[in-house]
Amino acid sequence: MSILGWIILGLLAGAIAKLLLPGRDPGGFLGTTLIGIAGAFLGGWISSRWLDHPVSKHFYDGATWAAAIGGSLVLLIVYRVIFGNSRD
């Protein structure tokens with residue numbers, strides 16, 4: 001999968017992570033989008049590095065999506081802890 005594929009996957013994974021973890025984020029839509037992209041890269045790296053599951057070359061691989069969404073969730077939680085959680 002190319003860099004563009006990972007960016008698109010990250011955008012979608014960030015949106016899914018936002019649906020799974022609702023609330024207002026300190027960074028708004030742009031911050032959540034960037035966290036989704038970074039989370040996709042982080043999830044893919046962790047999956048291939050430590051979980052012994054190489055990143056698939058197919059966009060529709062379930063494990064790749066799970067890694068991207070998991071990475072996005074982790075980064076979104078860390079972001080909220082560091083910069084404040086404004087769930088009202």
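## Overall picture

A residue counts as buried when its relative accessible area is under 20%, and in this predicted model buried residues make up 34% of the 88 residues in the protein. The protein exposes about 5,400 Å², of which carbon and sulfur atoms supply 72%.

The secondary structure comes to 3 helices and 0 strands, and, read along the sequence, the pattern is α-α-α. Among the contacts in the protein with a separation of 6 or more, 80% are between residues 24 or more positions apart.

## Confidence

The pLDDT of the protein averages 77, and 83% of the residues score at least 70. Confidence is lowest in H2, where the mean is 79, and highest in H3, where it is 83.

## Helix H1

Helix H1 runs over residues 3–20, and because its 18 residues should span 26 Å at 1.5 Å a residue, the 25 Å between its end C-alpha atoms agrees with that expectation. The buried residues of H1 are Gly 5, Trp 6, Leu 9, Gly 10, Ala 13, Gly 14 and Ala 17. Seen down the axis of H1, these buried residues fall within an arc of 165°, so they line one face of the helix. An α-helix has 3.6 residues a turn, so residues three or four places apart point the same way.

The buried residues of H1 pack against helix H2 (28–49) and helix H3 (62–83), whereas the face of H1 turned away from its buried side carries the exposed residues Leu 4 and Leu 19.

## Helix H3

Helix H3 has 22 residues and reaches 31 Å from its first C-alpha to its last, which is close to the 32 Å expected at 1.5 Å a residue. Its buried residues are Thr 64, Trp 65, Ala 67, Ala 68, Ile 69, Gly 71, Ser 72, Leu 76 and Arg 80, and the buried residues of H3 pack against H1 and H2. Just after H3, Gly 84 takes a positive phi of about 100°.

In soluble globular proteins, nonpolar side chains tend to be buried together. Here the largest nonpolar core has 7 residues, namely Trp 6, Leu 9, Ala 13, Ala 40, Trp 65, Ala 68 and Ile 69, and H1 and H3 each supply at least two residues of this core.

Ala 68, one of the core residues, is in contact with Leu 9, Ala 13, Gly 39 and Ala 40, once its neighbours within four places in sequence are left aside.

Conventions:
Residues numbered from 1 in each chain as written. Heavy atoms only, no water. Helix = DSSP H or I, 4+ residues; strand = E, 2+ residues; numbered from the N terminus. Expected span 1.5 Å × (residues − 1). Buried < 20%, exposed > 50% of the residue type's maximum accessible area, 1.4 Å probe, protein only. Arc of directions from axis to C-beta. Contact = heavy atoms within 4.5 Å. pLDDT = per-residue confidence, 0-100. Core = buried A, V, L, I, M, F, W, Y, C linked by side-chain atoms within 4.5 Å. Areas by Shrake-Rupley, 256 points an atom, 1.4 Å probe, with all protein chains shown as cover.
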